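Thanks for coming, everyone. I'll show the structure first, then talk through it.

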Amino acid sequence: MRRLTFAIAAVLACASVQAAPTRIPEQALARAAELREQALADDTGWKVVESLTTEVGPRLAGSEADARAVEWAKAKFRALGFDRVWTEPVTFPKWERRSEQAQVLGAHAQPLAITALGGSPAGTAEGEVVRFESLDALKAAPAGSLAGKIAFIDYQMTRSRSGEDYGIGGTVRSRGPSEAIRKGALGYIMRSAGTDSHRVPHTGITRFDEGLTPVPSAALSVPDAEQLARLVARGPTRIRMTLDCGWDGSYTSQNVIGEITGRELPKEVVVIGGHLDSWDLGTGAVDDGAGIGITMAAGHLIGQLRQAPRRSIRVIAFANEEQGLHGGFAYAAARVKAREIPLQHIAAESDFGAGRIYAFNTGSGNPAGSREATAQIARILAPLGIEYRPDQGGPGPDVGPLAAKGGAWAWLAQDGTDYFDLHHTADDTLDKIDPKALAQNVAAYTVFAYLAAESEGSFGSEARDVVPPKE
Ligand code: ZN
Ligand code: ZN
C-alpha cells in the first residue's frame, strides 16, 4: 500500500447550498447490527483469500498470473452472486524480475540476501559501499563523492499500529536511487522498509527522476543490512550485485468489478475494494489478498439480503496498485470522462493487511452535511472495537485518485503492527492471516457499505478539481 497525502486545495470557490444533513433511517441501523453479527460468524472472506492465494499465488502486474487473477476474480464475483460483473482495461509498463544476487567481496566474502526494487534496471554493480543513516544524510553528501561506489541507506523503520513510519521507509525506497545517482553512485542498496528480523528482503516500486540514468537498485533483508553495516564499520567493504530484471513493453490488465444492484438509486454506488495484483515474492495474502477477501465478502453478504440496499454496492479488484496505482487512476479517469463523480456516493479501499480495524471516519471536500450519518455508522461499528475519529484519516491508495476528483471517501483503519514484518516479502503468505480478525474486517466493511448505501443524503461527492495525489 501507499499512503496518499493530498491537499484539498481550491476547496469550493463558492459556498454550496446547504442541504438537510444526511441521515440513515433507524430501520437500516437495526438491519446493519444484524448484518454485523452475521458477518462475524461467516467465513466467506477467509475462503476468498484462501482461494486467491492458493489457486493463483503470486500475481505480479503484467505477469502470466495477472491474467489468471483477472479470470479468477470474474468467476469469484459470479460464484458469490453479484448481479453484474465486468472489467475495465488498465494499461501500464510491464516490469519483470528474473534473477538477483549479491555478495561481499574480499577478506570477508559472503552472500547477501537482496531483492531488486520494482523498476530497477538489470546490471552488475561492483564497488565500495558507502553507508548513510538516512535519505537526508545521502542528500547531504558532496556532489560526485559516490563516483564508482554503491550507496547504502541503512534506515530502520519503527513498528507501530498506524504504520506511519512507512512514510519514511517508503521514501527511502522511492527517492533513494535518484539521490544516489546524483552523487555519482553506480548502484543503490537499502535496508528493507520493514520491521521484521527475518532474512527476507522487502521489494516495492522505486522511480528514477527524469534525465538520470537508472542504476541497479535493491533492498537487503534487515539482518543482512545489519551484517553489512558491521562489515563497513570494520573498514572499506566491496560488494557485487547482479540483477536481471527490467521494463519490457506495456501490458493491459483489467479492473474487475462486481456489483449488487441498488433498489432505488442503482446508478449511485458505494465503492469498496482491494487490489488484485501483488508482488511476486510471497503469495500476496496480506497485501492485498486480504482486501479482496474482505470486500468481496462484504458485497456478497449485502447481496444475500432479502431487500437490496437503496444504492448499488460496487466491489472493485483493482489492477496494478503496486507499481503506481494504475487501476485506481484508470477507474477515476473513466468516472470523470463519464461525468460520474457525483454518482460515486462514497469509496473505501482495504489495503493495509488483515489486522483488526480500530478507527473509522469519512471525508470529502465538503463533509459538514454528513457528520451525523458518519457518527451513526460509527455507532454500529463500535461493538467491533472501532472508534469514531472525526477529522482523521484519508482514502486508501486506489480510491485516492477518485477522492482527488471530488469523491467522498471512508477510512477504516487497520491495525498494522505486524504489517511491515510481511509487506512485499516472501513471508506474505496465507498462514499470517487470523481468520477472526479477517471476519471483523468483513463485518466492518459490510456495516459501512450497507449503511452508506441506505443513507438519505450525500457524503459530499461532487465533481471538482483538487490537487492530485502525490505518488
Ligand atoms: Zn504493496
Ligand atoms: Zn497493497
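Let me start with a question: which residues does leucine 451 touch, not counting residues up to four places away in sequence? The contacts are Ile24, Ala28, Leu29, Ala32, Ile377 and Ile380. Keep in mind that this is a predicted model.

Leu451 belongs to the largest nonpolar core, which has 89 residues. Leu451 is among the residues with the most contacts inside that core, along with Leu276 and Phe448. H12 supplies the largest share of this core, with twelve residues. There is also a second, separate core. That one has 23 residues, including Leu60, Ile114, Ile189 and Met241.

Now the metals. For reference, a tetrahedral call would need all angles between 85 and 135 degrees.

Where do two of these donors sit? Histidine 275 is in strand S9, residues 265-275, and aspartate 287 is in helix H7, residues 285-303. So the pair ties together parts that are twelve residues apart in sequence. Is histidine 275 buried or exposed? Histidine 275 is buried, and aspartate 287 is too.

On to the zinc ion (ligand 1). Its protein donors are Asp287 (OD), Glu322 (OE), Glu322 (OE) again, and His424 (NE2). The sequence spacing here is D-x34-E-x101-H. This site is irregular as well, with angles of 57 to 143 degrees among the four donor atoms.

Look at glutamate 322 and histidine 424. Glutamate 322 lies in the loop between strand S10 (311-318) and helix H8 (326-337). Histidine 424 lies in the loop between helix H11 (419-422) and helix H12 (435-454). So this pair ties together parts that are 102 residues apart in sequence. Both residues are buried.

Last point: how far apart are the zinc ion (ligand 1) and the zinc ion (ligand 2)? They are 3.3 Å apart. And which residue coordinates both? Aspartate 287 does.

Note on methods
Residues are numbered from 1 along each chain as its sequence is written. Chains are lettered from A and ligands numbered from 1 in the order in which they are written. This is a predicted model: local features need pLDDT of at least 70, side-chain atom pairs count only at pLDDT 80 or more; totals for chains, interfaces and linings use all residues. Side-chain values use heavy atoms; hydrogens and water are left out. Donors are N, O and S atoms within 2.8 Å of the metal (3.2 Å for Na, K and Ca); water is not among the atoms, so sites may look incomplete. Helices (H or I, at least four residues) and strands (E, at least two) are DSSP runs, numbered from the N terminus. Buried means under 20% relative accessible area, exposed over 50%, partly exposed in between (1.4 Å probe, protein chains only). Four donors count as tetrahedral if all angles lie between 85 and 135 degrees; four count as square planar and six as octahedral if opposite donors are over 155 degrees apart and all others between 65 and 115; anything else is irregular. A nonpolar core is a set of buried Ala, Val, Leu, Ile, Met, Phe, Trp, Tyr and Cys residues joined through side-chain atoms within 4.5 Å. Contact means heavy atoms within 4.5 Å.
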